[in-house]
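Here is a friendly walk through a multi-chain model. Please have the sequence and coordinates open beside this text as you read.

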Amino acid sequence: MADLKEQIGKLCAAATFDAEGEFLLVEVPDAQWHALAVALKSELHFDQLIALVGVDWGETLGVIYYMTNTATGDIIHVKVVAADRQQPRLHSVSDVWAVANYQEREAYDFFGIVFVGHPDMRRFFLRNDWVGHPLRKDYDASPEKNPIRLDDEVREDYTCSWVEDENGQVVKRVGKVFADDEYVINVGPQHPSTHGVMRYRVSLDGEIVRKVDVVSGYIHRGIEKMCESLTWPQTLLYTERMDYMAAHINRHCLCLCIEKALGLEVPRRAELIRLMMDELMRLSSHLLSYGCLTMDQGATTAFFYGFRDRELIYDIFDRTCGARMSMSYSTIGGVVADVHPDFVADVRHACDVIEKNMKEYHQLFTGNVIARNRMIGVGMLSKEQAIDYCITGPSGRASGVHCDVRKTHPYSLYDEFDFDEVVRTEGDSMARYMVRMDEMLQSIKILRQACDKLEQEGLQGEFCAKVPKMIKLPAGHWYQQVEASRGAFGVYIESDGDPKPFQKPYRMHFQSPCFNLIGVVDLTCRDNMIADLITITASIDFVIPDIDR
Amino acid sequence: MFDLSSVTSWLDEWLNGVMPSWLATTTECVLVAVFLLLAYSVLAMIYIMYERWVCGWIQCRRGPLRVGPAGSLQIFADVFKILTKEIITLWSTDKFLFFLAPFLVVTASVLTFACLPWGKGFQIIDFNIGVFFIIAVSSIGVLGILLAGWSSNSKYTLIGAMRSGAQMISYELSVGISILTVVCLAGTMSITGLVEAQSDCWFLFKGHLPAVIAFIIYIIAANAENNRGPFDLPEAEHELTAGYHTEYSGIHYGLFYLAEYLNLFVVSGIASLLFLGGWMPLHIPGLDGFNAVMDFIPGTLWFLGKAFFMTFIFMWIRWSFPRVRIDQMLALEWRYLMPIGLVNLVVMAIVVTQNWYFGAN
Amino acid sequence: MEVKKPKIKSMKYEDFKDNGYIEDLVNQLNASGVNVVVGKADQLLNWSRSNSLWPFCFGTSCCAIEFMCLGAARYDMARFGAEVARNSPRQADYIMCQGTITYRMAPVLKRLYEQMAEPKYVIACGACTVSGGPFKNSYCVVKGVDEIIPVDVYLPGCPPRPEAMFYALMQLQRKIKVSRFLGGANRKEKLHYKPEDDK
């Protein structure tokens, strides 16, 4: 860490450091930020921007950038503060890290921070006629300001950007998303293959897609804002409703983050149960993604096969947690209740059945000549692009990036388990599909080992640590990543150390993997056909509420 | 074998006896039309249920079973409901063409349906270019689909209609060529003639290799003709929501739905007519006892049985294959099916001229 | 001609939890009276409409996954004849609104509802659509879809289990079975949009 500090200090003299927290914190003034970002990427190889968190500190607004070096796994974070609260402006780094494009739009939407040099500064989640920026602490939430509008949005085609002219003055430029003569069709928000309420505006040339404009926010529920008015344990509930196909994993992540902040030791057995639930969730999610991918390509029967086996996993959740979805099982310090006595037997049974049925899936779909023709070589995403766009999870690994958080930054008990990180190098839809299928086998492998371990620990036993009734975090901020079903899920929490009984988060940010995945839709779908758009988005496999939060 | 033509000619004589000939002809036409439409709708309903049960079976489900005994009344509920559902009129569309389109599609399928031989003497029109007529009228359907897509004034329907146009016109060729191969073997275009020619042995076996190739080409092309998976691009539920009929509601949509299933019967019927001997029982040369037993089963049952069997194959394909992409679909036709079909036609011609087929004199 | 209490196969009348509401409806309809022919035709229509409910695929979040389970092998919506899920609102009979409706989605939902052909029904599926659910305090979540479109059946749960969805489906069937389309008052809606309005 000291080493990094020295190197960054050489790159930017104005930077100040704080090595107290878990990661090195660098604070730079906005004027030097862009130059430092370029240097960080080119000289210190911080090639992946993993999170961009906008924060309102009262007097000032600012952004915290988390970035990692994919080769060494080092993580640092940089804090940049906008000088003027009324007209906050920061320099855009979307030309340095491609993923910053949508991330900065999100920060603009939430905080009104204008990113100078960003090519397309539209709102991302909210309607373009929305009044105010909701995550600012001075936001006026009265319903009169923003009633339910039942008319269509106007001026959808227009975008704007702020650029510095030669005198250093920031000027606004208005542009158009599509040219007037383009044939634009609207895919979504209500469309069977967008897997929810995502909307693409697709410019077509015959059947060929020329440009995809992603319009998001149709399921934006303002989770981050709502978390600021709840106590820490209450916020756990929302994690399950973002990526509902990674409900356990997301909840686990927030629990880990809060436990890290509290310095709480979780019983080994509880951690083991959490881990097993995570892997079951991953299995269930990959089965769903198999089903959806096949159904989107028209192989309806395969969808039913995938769903048939998911029911086994749902049964396990049902018996132990009391619900099929949104289980609310992990909690700060452990899990809320002990597992069902048959838990281990059920898991073993499910593993056996799914492993056996995997062969059937491959026979039915993977080997099919039409499926192969439609997936091989379609929707290419190179390793460099995957890193640049911060594509993690199965989609990133299909492009050859070693991005499994379970391996790169082991959390929970993953370092005790013997499993492989499935990595492929093709980067096409087929590779993404196959990575998922192979990961299911790895999950089964982990689950079997975990069953043995749980039997050693005892089928019934300690499942939760002693946790104080009132959860109060010291002032500070923490970031925790886990490997969710669709990629690295990160949680940023900031506490102001409020000593009052019901402490609320000062800021909570969820860095969802799907948010980054949506960034490559345009890149991968360009110059492919409409049918490929469906295949590619299905193979990238995102869950819309996870994007919109 | 029982010949139904004796009944129909007796009816014709009797009618001509009791009324003037023009009235007799009109009455016969009306009777035929009523019978045809009844058979058409009943069969379409049976087919819809058949599909729902078969797909349930393939997908490890039960399928409809709550409405009536074992779900048998499900289709009636669907029909009554769809008949009384609101028909939405769209603003800024060509209303005449919009309303015309579903009827064109249904007309095309009724006309093809009318040519199918149900049994000996049990068909509506039988003339010397019967097969040719089937090919001709079945291609009216594409016009209806194109009109539906265009007149809805929506981008999705337009893409669906254009795909459909490209697809149906391309695959028409392969269907035509494979039918021609069989005609070449039979030496006649008359439907009765085609069936009669299979009395000793079905064409699929008689024509051995070229006939089998033609059969496979026919199955692929007919699937595409029918807009059924894996060639359901014009509808392509997951790409174009509902393709060319996205904007149709109520009975207009019902007509498309009906025509889709009836077309399925028609292509299965034609397959059984051309390759599996139509209403001819299964005859194996040399086994006279077996042949005699087979003769006891009525021809209509044979025909229906074969058609249902063919349909089962079509359904099996539909529910297990993913959808092809438009360029792959066209490449399959123009690069593979058509050239193979043409070569196969030449092979068949050689086989026929050299008397290399089974049962050749 | 009397309107009878609705019968649902393999579910006793007493087992439903809101019979008072249905009985009120029956009494109201019986009060107006209607002749036998129209009544019989109505019965046939109600039978067919209640047994052929084609859903419109409209899922915004978690409930949509449970809805997919409902269609999949174990629960199998097809048993009710409801597996013909239509993606075009024109061809669907009811919209099972699964998942949170946000301010941005609200006009879309309303338009989709208006695009559906009569008779059309709405099931508000899940806590979010009933009342806003866990997101009630959000700045951009609609507090119940009944603010935008009329709702026939409310189905709480987060997300409701497939069994609960069947219960909602049966409730909807009951409601359809005690309605009157020919003899009594139909639900009539004015067309909302006319091209002249644009000018």
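Throughout this report, two residues are in contact if their C-beta atoms, placed from the backbone, lie within 7 Å. This is a predicted model, in which local features need pLDDT of at least 70, side-chain atom pairs count only at pLDDT 80 or more, and totals for chains, interfaces and linings use all residues. Residues are numbered from 1 along each chain as its sequence is written, while chains are lettered from A and ligands numbered from 1 in the order in which they are written.

Let us begin with two residues of chain A. Val80(A) sits in strand β5 (residues 75–82) of chain A; helices (H or I, at least four residues) and strands (E, at least two) are DSSP runs, numbered from the N terminus. Setting aside neighbours within four places in sequence, Val80(A) is in contact with Val28(A), Asp30(A), Trp33(A), Gly62(A), Val63(A) and Leu90(A). Cys160(A) belongs to strand β8 (residues 158–164) of chain A. Not counting residues up to four places away in sequence, Cys160(A) touches Met121(A), Lys172(A), Arg173(A), Val174(A) and Gly175(A).

How are these two residues classed for burial? A residue is buried if 20 or more other C-beta atoms lie within 10 Å of its own, exposed if 12 or fewer, and partly exposed in between, with C-beta atoms placed from the backbone. The table sets out the result, along with one C-alpha separation for each residue.

| Residue | Other C-beta atoms within 10 Å | Class | C-alpha to C-alpha separation |
|---|---|---|---|
| Val80(A) | 22 atoms | buried | 9.6 Å to His91(A), 11 residues apart |
| Cys160(A) | 14 atoms | partly exposed | 6.8 Å to Lys172(A), 12 residues apart |

Next comes a helix pair in chain A. Two packed helices are described by the angle between their axes and the distance between the axes. Helix α7 (residues 268–296) of chain A and helix α17 (residues 530–540) of chain A have axes that come within 9 Å and cross at roughly 180 degrees. This makes α7(A) roughly antiparallel to α17(A), a term for angles over 145 degrees. Axes here are lines fitted to C-alpha atoms, for helices over the stretch in contact, and angles run from 0 to 180 degrees between N-to-C directions. On the α7(A) side the contact uses Cys292(A), Leu293(A) and Asp296(A), and on the α17(A) side Ile534(A), Thr535(A), Ala538(A) and Ser539(A).

Chain A also meets chain C, in a contact that takes 35 residues from chain A and 37 residues from chain C. On the chain A side, α4 (223–227) and α8 (300–321) are the elements that give two or more residues, and α8(A) has the largest share, four residues.

Chain C itself holds seven helices and four strands, arranged along the sequence as α-α-β-α-β-α-β-α-β-α-α. Of its 199 residues, 53% are buried.

Chain B has 15 helices and zero strands. Its radius of gyration, taken over C-alpha atoms, is 21 Å, close to the 21 Å from the globule rule (2.2 Å times the number of residues to the power 0.38) for 361 residues, so chain B is as compact as a globular protein of that length. The C-alpha trace of chain B spans about 65 × 60 × 45 Å along its principal axes, and 49% of the 361 residues count as buried. As for pLDDT, the predictor's confidence in each residue, from 0 to 100, chain B averages 82, and 96% of the residues score at least 70. Within chain B, confidence is lowest in helix α11 (residues 237–240), at a mean of 70, and highest in helix α15 (residues 326–353), at 87.

Technical notes:
Parallel < 35°, antiparallel > 145°, perpendicular 65-115°, else oblique.
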